[in-house]
Amino acid sequence: MKKKVMAAGLLTTAILLTSAFTPVSTNAGQETVVKFEGQPIAFSHQLRMMDGVLMAPVRDLVTALGMEVTWNEAERTAVVTRDGYELKLPLNSDSANINGQATTMHGTTQIVSDSLYVPLRFFMESANHVVRWDSATSSVNITKQTDSLPVVGTYDHLVTLLTQNESNQRHSVTLQSKLAISDSTTTSSAPTASSSAGVTAQDSAKSPSPEYSGTNVQVQGVDESDVVKSDGTYIYTVNKQRIIVTQAYPADQMKVLSILDFPTTANTANTQFQPSEIYVDDTHLIVLGQSYQNLKPVPYNEAASSGSSSISIADKRMISPIRSQATTKVMVYDLADRSNLKLVKEVELEGNYISSRKIGTSLYFIANKYVNYYHYREMANTDDAKKELAPAYRDSSAGDSFTSIPLDQIYYLPKALEPGYVLIGGLNLDDLTQTMNVTSYLGSGQNVYASEENLYVAATTYEDQQQDTILYQFGLNTGKAIYKNTGKVPGHLLNQFSMDEYNGHLRLATTTGEVWRTDEGTSKNHVYILDTNLKEEGKILNIAPGERIYSTRFMGDRAYMVTFKNTDPLFVLDLKQPDQPKLLGALKIPGYSNYLHPYDENHIIGFGKDTVEVANKNVAGSQSIAYYQGMKVALFDVSDVNNPKEKFTELIGNRGTDSELLNNHRALLFSKENNLLSFPVTVMKIDPAANSKNPASAYGSFAFQGAYVYNLDLEKGFQFRGGITHLSQEDLRKAGQHYYAGDKQVQRVLYIGDILYTVSNGFIKANDLTTLQEKNTVAIP
């Protein structure tokens, strides 16, 4: 029992540093020591625990940090200042003001013995310092956050951090997003028409094939993984549990060359692998995916859970089932013989695959490992259990076993603690004998943006009814991520196109509030521009109140934003002067755009849905309701930035029509030079004869699945050339109102020379690019 009481005491002292946690009595006589940069802080008055928060005299903290403090009697407020920094602390309040921005503290300022007490953690973190608990010395350690992130260090500190997260989870939620990468070597983040079309044969002197399209990426020169890739002669596809290599050019010689099969059943090592995305270059095929391994159960510990509620034997069995460990795996194959691919390297990171980017010969991939702290708290406090709380990785260059990352090499993100690890793996594809570089951070990080020089981990949190996105900047150096700066902006991001790095600035588009609210908490949209140190340099606030962002595109000195509730405003923003950004013009039209793609510097293409606005008959006096209809493609003219115009539109199908392009930009094929626009689409249509009898909420019936092909120019707009489907006439006759295309569902469209290829899991079809006449078809075994 003594041992248990001591552990509880250590944990309690750690809890005192957290925000809004009900205090537990600590060991009698145990005194907390506070150190700043390793030196104890001498307090004129003792530290106090108030409502579960560790409080300290503000004057002593100010002295330790070399600040100044004055008292404003009229406002009953302490004002702390240093080198342009200002913190206002009103008496008997849980609100504070940092450099003019209001924020909420966990804890209330109070006067005790003629001294103003403030929450220790809040005060230090607001001054850009890191606060951590060291159980070995029973001390609170405070360090500057300008040089490096703090390390987890010990198992006790890991437990403290996870306990803190358990408390904060009552007040915050992390919003998931996507991963984005930009190429900082370009002067503009806006892709040109050629970059949208992807790589061409002219980019590689080694390739004898004609011009060919590549993956539609956010920024030219930075490749993004996809389910289909081409090198101008061969097409590589992720096909369920397989990778298919097909000789595609010339079209009359099309054939399946080889198949990499990854069985769905576990192998002799009790693992299974599911490929999800690939990369291809001149020498390598890189396969990324998820691997799963069954682990032995962690035994239940009666003593560890005796303080919790009673758990039945059946519940104990449920707590400790046969568990599965997910890992993110990268497999690199040599392309010297495409008919017999040779595996040359294999690496793994524990955790679920998030995304990846390939910049030159460097591959970066990211995984998140969830830590079920509650699970381990109820289990035996064994070395094995502790070991499983730390992340691990494997590199075939160093052997077959996993290597655990020591806790003193794991950093944590102080303002974005989550029960998990962000792991970043880096490979040098030029030298596969080098072991993988791995960096790991405790905290959330599903929003990731990187350039060739910098990587940004963004965590959007919701606390005290306010959304904030915390940004951590890391410098990239030969596959290693080194912490540089921290920043913060209000609101949450939508997707990878909400972030952009341009001329030393990071631009972000965020949304705060909720669309359904009609008071001061209603949704508003904003654009923030941060400098190289992630400090705010400019902003545009409160765009389209009551609506939310549906798409954003940063293009050089401009940004385009689409918001929506009942209509689709397209906003044009001038970001040429980062400290004085301006909203130039807006165009309100029916519908909305999920994805914006550059046509040229004065025209942009929007892909989304058409809408019909109808009165809400269910509620008297309420606003109208907008029902989405078929797919809408629009070409916007922004040559007059103050008066953007919808130059051309194309409506496809009726309600129920959909395309993967609306959620995944990689599904688009666009080449301005070839006047070519194509994408996969499922078309639903309503009988025209009965159209007038159908309400706006009526769905159409299945009519088509495949690729729609257009010519697009500034004179004639969208010119529909035809559709290419992998469905047979018999398939179409069998179709009812809804139809599942299955293996015949076209996923991607690409071209090599004068041939247009459409790819599904069942077929690769080649059609003449000019006439769309079918040239050849290969059935995938």
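Reply: Threonine 108 is partly exposed in this predicted model, because its relative accessibility comes to 30%, which is between the 20% limit for buried and the 50% limit for exposed. You'll find threonine 108 in the loop that runs between strand S9 (101-104) and strand S10 (110-112). If you skip the neighbours within four places in sequence, threonine 108 still has contacts with Met55, Asn92, Ser93, Asp94 and Tyr117. Aspartate 51 is worth a glance too: 57 residues separate it from threonine 108 in sequence, yet C-alpha to C-alpha the two are 8.9 Å apart in space.

Now compare that with threonine 237, which sits in strand S17 (residues 234-239). Threonine 237 counts as buried because its relative accessible area is 4%, under the 20% cut-off. Its contacts, again leaving out neighbours within four places in sequence, are Val227, Val228, Arg242, Ile243, Ile244, Ile278 and Val759.

Next stop is serine 230, in strand S16. Serine 230 has 13% relative accessibility, so it falls under the 20% cut-off and is buried. Its side chain has two backbone partners to look at. One is the backbone nitrogen of glycine 232, reached at 3.1 Å. Another is the backbone oxygen of tyrosine 234, which lies 3.1 Å from a polar atom of the serine 230 side chain. Beyond four places in sequence, serine 230 is in contact with Tyr212, Ile235, Tyr236, Leu750 and Ile752.

That brings us to the empty space. Rolling a probe the size of a water molecule over the atoms shows where such space is left. Here the count is 5 cavities of 30 Å³ or more, and the largest cavity has a volume of about 130 Å³. Its lining is made up of 15 residues, with Gly214, Thr215, Val228, Val749 and Leu750 nearest the centre. Strand S16 (228-230) and strand S51 (748-752) are the elements that give two or more residues to that lining. By residue type, the lining of the largest cavity splits into 6 nonpolar, 5 polar and 4 charged.

Two names tie these parts together. Val228 is one of the contacts of threonine 237, and Val228 is also among the residues nearest the centre of the largest cavity.

Conventions. Residues numbered from 1 in each chain as written. Predicted model: local features only at pLDDT ≥ 70, side-chain atom pairs only at ≥ 80, totals over all residues. Heavy atoms only, no water. Helix = DSSP H or I, 4+ residues; strand = E, 2+ residues; numbered from the N terminus. Buried < 20%, exposed > 50% of the residue type's maximum accessible area, 1.4 Å probe, protein only. Contact = heavy atoms within 4.5 Å. 1 Å grid on protein atoms, 1.4 Å probe; cavity = no way out; pocket = protein on both sides within 12 Å on 5 of 7 lines; lining within 4 Å. Points joined across faces, edges and corners; volume = space filled by probe spheres on them. Nonpolar A, V, L, I, M, F, W, Y, C, P; charged D, E, K, R; others polar. Polar contact = N/O pair within 3.5 Å; in protein donor to acceptor, adjacent residues only side chain to side chain.
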